[in-house]
Amino acid sequence: MGNNLKTGLVLIFVLAAIVFAGPLIAPYDPFEVDMSVRLQGISLAHIMGTDQLGRDLFSRLIYATGTSVKISLVVVAASMTIGFIFGSVAAFLGGAVDEFLMRIIDVFMAFPTKIFTIAIAGVLGASAFNITLALIFTSWASYARMVRGCVLTAKQLPFIDASVALGANRRYTIVKHVLPSVFQPLSTFAFQRIAHTMMMIVGLSFIGLGVQPPTPELGAMINESKNFMTTAPHLFVFPGLLISYVVFSFNILDDSLRDYWDPRIKSELVL
Amino acid sequence: MKKEKLLEVEQLNIKFTTSIGDVNVSDNINFTLNKGETFCIVGESGCGKSVVALSLTRLLPENAVINGSVKFEGFTISDLDDKEFAKIRGQKIATIFEQPMSCINPVMRIGEQIAETYRANFKCSKKEAKLQALKKLEEVKLPANRYNAYPHELSGGMQQRVMIAIALACNPQLLIADEPTTSLDVTVQYQILELLQELKEKYHMTILMITHDMGVVHDMADRIGVMYAGNMMEIAERDAFFKQPLHPYAQELLNVVKDPCHYTIPGTVPNLMEIFSGCPFEPRCQKATEMCKTYKPENSVRDERMVRCLNVIPN
């Protein structure tokens, strides 16, 4: 196991703890308003200070990270599933079905993702559920296209023919040879997309089209903090750092997993 | 002594339908394989050798049209539907290919691949399959500690050994070897051939070998079939063949081997999209007569020998 992978796993583990065990760690209720301590800096009582309504920033950040990461996990999982089904059906059935499905996918690929998401959020109204839908809607097509490509490449590899020649049936070759070769690039791609989707959610929330206040969300928090930029910089510095942290940890994990799964690179690491 | 027949191929016609016309790659080919022998098909590239071999296990692409009858142990396998036919692959007829590297899954450990092949054909526990795989590794003379190696960690010769171990996982009666040594260097070639010979005797296997290397043919073959442009030109026992090849094409092939630096057969293999009115070898044949242009030669058979030429009668 390379150092990058170890780092990535540790970072992700910490992140998972923040996301899933967050309510246990958080010292305050993230919605609890206490105007007597508004816009305070770092102190023992509030280790990351408080915001303009006197809410504990540390507690809010823990919940906010949970919101952003959970939405992006849902978006990635859902679009990966839809993409996987469409892509593999297209590649395995081939012919007219393939042609038809690929044209549908082309239509979806043709939409500019950001503008389309903004449009959906605008029409359906800004909420966490709506931007989840909008992001799934605009991102599944690229998974489908990638899965189809991988399956088609894998299908014509000589060792598939060779295994058929030696008695493997169709199901066996699909399960043992084709799907594993799809799984690796697909999961690398998905990890990479988690970070990307997270940036989208944060960005949309920042411009007010995503998660709505008072629900804690990193982008929305930065948006709220912009009026106090000069007087209370901790309000945007901490969420900003947290965004970088999440994106960085998913990226490093994705990168090192790719190397880890490649037996060629792995043997070099062992040496 | 009467030889038992393992595989009988009769009137095998194969053509590929393409958007620019049909390609005839096998024209009324007949041959039989006796149990326990090695039959080599030789010929230049593009003569249809591999296609004939692949057609026996139905591994050709979908645009291939195959006609004719193939009998395996007296049982017509060419009539079986695809599902039943799949049971023959691996268990009865196994195939090894020219490029071992690309024919083994690069991301699966080699031992696993041998074991998986065994498990795919016979239902058994994983443990038992692993024992079998280790036994096969030993038989192909790979150390047992290579069980967990990935294909890229092995040399070409070792990869071909793995390929052989996978092919032999289910003790097939017929092994089709499609140029098994072409991608290897000469000393490794020799080792692989020796290994095949040894395993053949151990398991009483029959080998159908596709090659264009006359040296390999001389070492391995019991009988030889010479193919040219989709036609089986000559079939003969090895000794008789090397003593006196009858077909002009076979003679030319041997001339090339005798003088490898300078001699080539003039001309090239014809495009198989042509429909030959006469003998397909006629344009390159030094012994061709006027008759060869207009009449298609038929098989003339005498004892164990078959020749498809108007000017030669086997004796």
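Modeller: Here are some questions and answers on the two chains, beginning with the ground rules.

Modeller: This is a predicted model, where local features need pLDDT of at least 70 and side-chain atom pairs count only at pLDDT 80 or more, while totals for chains, interfaces and linings use all residues. Residues are numbered from 1 along each chain as its sequence is written, chains are lettered from A and ligands numbered from 1 in the order in which they are written, and side-chain values use heavy atoms, with hydrogens and water left out.

Biologist: How many helices and strands does chain A have?

Modeller: Helices (H or I, at least four residues) and strands (E, at least two) are DSSP runs, numbered from the N terminus. Along the sequence, chain A reads α-α-α-α-α-α-α-α-α-α. That comes to 10 helices and 0 strands.

Biologist: What share of the 271 residues in chain A is buried?

Modeller: Buried means under 20% relative accessible area, exposed over 50%, and partly exposed in between (1.4 Å probe, protein chains only). The C-alpha trace of chain A spans about 80 × 50 × 30 Å along its principal axes. By that rule, the buried share of chain A is 49%.

Biologist: Where in α7(A) is the kink?

Modeller: A bend at a residue is the angle between axes fitted to the seven residues ending there and the seven starting there. In α7(A) the kink is about 40 degrees, shortly before the proline A:P180. After the helix comes A:G208, with a positive phi near 90 degrees. The kink itself sits at A:L179.

Biologist: How much area do chain A and chain B bury between them?

Modeller: Contact means heavy atoms within 4.5 Å, and on that basis 15 residues from chain A and 26 residues from chain B take part. Buried area is the accessible area (1.4 Å probe) that two parts lose on being put together, summed over both. Of that area, 65% is on carbon and sulfur atoms, and the total is about 1,700 Å².

Biologist: Which side chains meet in the salt bridge between the chains?

Modeller: A salt bridge is a side-chain nitrogen of Lys or Arg within 4 Å of a carboxyl oxygen of Asp or Glu. The count between chain A and chain B is 1. At 3.1 Å, N to O, the partners are B:E116 and A:K176.

Biologist: And how many residue pairs are in polar contact across the interface?

Modeller: A polar contact is a pair of N or O atoms within 3.5 Å; within protein, one must be able to donate a hydrogen and the other to accept it, and residues adjacent in sequence count only if both atoms are side-chain atoms. With both residues at pLDDT 80 or more, the rule finds 4.

Biologist: Which helix gives the most to the side of chain A that touches chain B?

Modeller: α6 (158–165), α7 (170–206) and α10 (263–270) of chain A each supply at least two residues there. With 6 residues, the top contributor is α6(A).

Biologist: Why are A:E99 and A:R103 about one helical turn apart?

Modeller: An α-helix has 3.6 residues a turn, so residues three or four places apart point the same way. A:E99 and A:R103 meet in a salt bridge of 2.5 Å, N to O. A:E99 is partly exposed at 45%, and A:R103 is partly exposed at 40%. They are about one turn apart because their spacing in helix α3 (residues 95–110) of chain A is 4 residues.

Biologist: How many residues apart are B:E44 and B:R284?

Modeller: Their side chains meet in a salt bridge of 3.1 Å, N to O. B:E44 is in the loop between β3 (38–42) and α1 (49–56) of chain B, and B:R284 is in the loop between α10 (248–258) and α11 (290–294), making a sequence separation of 240 residues.

Biologist: Is B:K200 buried or exposed?

Modeller: B:K200 forms a salt bridge with B:D222, the closest N and O atoms being 3.4 Å apart. B:K200 is in helix α7 of chain B, whereas B:D222 is in the loop between α8 (214–220) and β9 (223–228). B:D222 is partly exposed at 33%. B:K200, at 6% relative accessibility, counts as buried.

Biologist: Which residue has a polar contact of 2.8 Å with the side chain of B:D185?

Modeller: B:D185 lies in the loop between β7 (174–178) and α7 (186–203) of chain B, and counts as partly exposed at 44% relative accessibility. The side-chain partner is B:T187.
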